[in-house]
Amino acid sequence: MSNYRVESGLQFLSRIKSVKSNLHNLENNIFANKLTPTDVIEFSSESNFGKTQTLLHLIKNAILIDNHNTISIGGLDSSVLFIDTACHLEIEQLSQYIKKTVSNSNTRFNDEDHNTIVKKSLENLTIVRCYDSQQLLIAFHSLKTLLTSNPKIKFIILDGIGAHYWQDFINGGVRKMDLYEKKVLSVLDTCIKEFKLLLLYVRPEYFVMKNPAGNASATHKVRIRVKDKNNLILESTVIFKDKSVHNKSFTVRDHQLVWM
């Protein structure tokens with residue numbers, strides 16, 4: 001009997017419009033060049049400061065354009081879909097991160113160039129704000145259509161996965177936090193594999209997981225903790241899918257992550 005695979009129209013369009021992703025270089029200081037398509041990153045932080053600054057840094061690295069007027073900038077020029085349930089993302093802060101990176105490059109750009117680079121980079125960012133569970137569910141159901149219409153999207157960030165847990169809990173939804181997390185991720189799993197996407201989801205520190213080894217969805221687990229409160233030094237601890245551990249300390253100075 002011959003083997004064959006039935007391909008949907010959406011899958012066909014996605015395949016012929018496929019855009020190669022270079023997100024393995026998203027941030028080598030954190031991920032040590034170990035990212036591959038379809039990886040799922042669990043992200044948590046004991047400090048809102050650490051979470052916000054790290055997420056802004058990763059988004060900036062992904063969406064920054066690669067060149068301007070044929071002059072190389074070095075950005076990854078990938079589109080990011082940011083599913084915002086926490087409503088903490090500030091575009092002005094992100095713009096400052098982009099401007100600072102361009103200012104620190106070896107090429108001198110004028111103010112008009114800076115503004116153009118920021119504008120073009122921000123065009124790589126799609127934000128979907130979800131204020132309740134129903135809106136989040138609608139966003140998930142619309143994902144395939146959105147991803148097909150924009151094949152440059154190779155990175156999805158869900159901030160955060162537990163924002164509507166208590167609302168669902170009160171309405172008779174899943175009670176166990178680890179099962180709730182698994183349920184949400186299962187909805188995204190098909191899109192991640194079909195479109196070869198990188199997913200990062202923010203997991204609240206208060207989410208209790210009775211069986212940490214049982215969550216097979218996350219290939220990498222990143223935790224940001226405060227190492228030195230006086231000097232605002234943070235430490236990223238990454239557990240990779242091969243069980244290896246990578247630690248790196250950093251601080252934030254003038255809209256830039258400074259590694260130590």
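Me: Why is Asp-113 called buried?

Reply: Asp-113 has a relative accessible area of 16%, and buried means under 20% relative accessible area, with exposed over 50% and partly exposed in between (1.4 Å probe, protein chains only), so Asp-113 counts as buried. Bear in mind that this is a predicted model, where local features need pLDDT of at least 70, side-chain atom pairs count only at pLDDT 80 or more, and totals for chains, interfaces and linings use all residues. Residues are numbered from 1 along each chain as its sequence is written, and side-chain values use heavy atoms, leaving out hydrogens and water.

Me: What makes Ser-47 buried or exposed?

Reply: Its relative accessibility is 15%, so Ser-47 counts as buried. You'll find Ser-47 in the loop between strand 1 (40–45) and helix 3; helices (H or I, at least four residues) and strands (E, at least two) are DSSP runs, numbered from the N terminus.

Me: Which residues does Asp-113 contact, leaving aside neighbours within four places in sequence?

Reply: Those are His-68 and Asn-69, where contact means heavy atoms within 4.5 Å. Asp-113 itself lies in helix 5.

Me: Which residues of helix 5 are buried, and why do you say they line one face?

Reply: Asp-113, His-114, Ile-117, Val-118 and Ser-121 are the buried ones. Seen down the axis, they fall within an arc of 135 degrees, so they line one face of helix 5; the arc is taken from the directions from the helix axis to the C-beta atoms. Over on the other side, Asp-111, Glu-112 and Lys-119 are exposed. The buried residues pack against helix 3 (48–63), strand 2 (67–68), helix 4 (91–103) and strand 5 (125–129).

Me: What makes the largest nonpolar core a core, and how many residues has it?

Reply: A nonpolar core is a set of buried Ala, Val, Leu, Ile, Met, Phe, Trp, Tyr and Cys residues joined through side-chain atoms within 4.5 Å. The largest has 42 residues, and Leu-26, Phe-155 and Leu-200 have the most contacts inside it. Helix 3 gives the most to this core, with six residues. A second, separate core has 24 residues, including Leu-136, Leu-143, Cys-191 and Leu-197.
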